[in-house]
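Trainee: I have a new model to read. Please show me how to go through it.

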Amino acid sequence: MCTNLFFISSGEKEIIKKIGAFLDALFDEENLYYSGNENTLQGEFDSKRSFPVELFEGLIKELKDDPTLYIRVLSYEFEREYASFRVYRNKEWNIHF
């Protein structure tokens with residue numbers, strides 16, 4: 001399993017609510033933990049093998065155009081020696097492996 005530590009912020013509290021609902025729908029309680037406020041979420045979730053890129057790209061497309069949306073994710077799986085650090089800002093991902 002890949003562990004994904006995340007921080008998400010937006011100037012739009014509705015965006016944060018939608019992202020929270022998205023996470024709740026995709027991951028069960030055993031594989032998801034997060035907390036936050038009106039403008040931020042932070043926590044972790046488990047995924048198979050790596051960060052679920054397609055799921056998050058689909059989520060971003062569904063959200064209204066939000067120039068304040070910021071997503072930071074550190075993903076790792078020690079067993080496979082996998083690690084990545086992703087930052088989404090200004091409508092694009094910056095990825096480090």
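Here is a short talk about helix packing, salt bridges and a surface patch.

Mentor: This is a predicted model, where local features need pLDDT of at least 70, side-chain atom pairs count only at pLDDT 80 or more, and totals for chains, interfaces and linings use all residues. Residues are numbered from 1 along each chain as its sequence is written, and side-chain values use heavy atoms, with hydrogens and water left out.

Trainee: How are two packed helices described?

Mentor: By the angle between their axes and the distance between the axes. Here, take helix α1 (residues 13–26) and helix α2 (residues 53–62): their axes come within 11 Å and cross at roughly 145°. Axes are lines fitted to C-alpha atoms, for helices over the stretch in contact, and angles run from 0 to 180 degrees between N-to-C directions. Helices (H or I, at least four residues) and strands (E, at least two) are DSSP runs, numbered from the N terminus.

Trainee: Which residues of α1 and α2 meet?

Mentor: From α1 come Ile19, Phe22, Leu23 and Leu26; from α2 come Leu55, Phe56 and Leu59. Contact means heavy atoms within 4.5 Å.

Trainee: How many salt bridges does the structure hold?

Mentor: The general idea comes before the count. Side chains of opposite charge can pair when their charged atoms come close. A salt bridge is a side-chain nitrogen of Lys or Arg within 4 Å of a carboxyl oxygen of Asp or Glu. The structure holds 4. One of them joins Lys64 to Glu12, with the closest N and O atoms 3.6 Å apart. That pair links distant parts of the chain, 52 residues apart: Lys64 is in the loop between α2 and β4 (70–77), Glu12 in the loop between β1 (2–9) and α1.

Trainee: Where do Lys17 and Glu14 lie?

Mentor: Both are in helix α1, 3 residues apart, about one turn of the helix. Lys17 counts as exposed, because its relative accessibility is 53% and exposed means over 50% relative accessible area (buried is under 20%, partly exposed in between; 1.4 Å probe, protein chains only). Glu14, at 45%, counts as partly exposed.

Trainee: Which residues form the nonpolar patch on the surface?

Mentor: Leu5, Leu74 and Phe85, with about 210 Å² of accessible area together. Areas come from the Shrake-Rupley method with a 1.4 Å probe; for residues, only the protein chains shown count as cover. Patches are made of residues with over 30% relative accessible area and no salt bridge: like charges are joined within 9 Å, nonpolar side chains (Val, Leu, Ile, Met, Phe, Trp, Tyr) within 5 Å. Phe85 is in strand β5 (residues 82–89).
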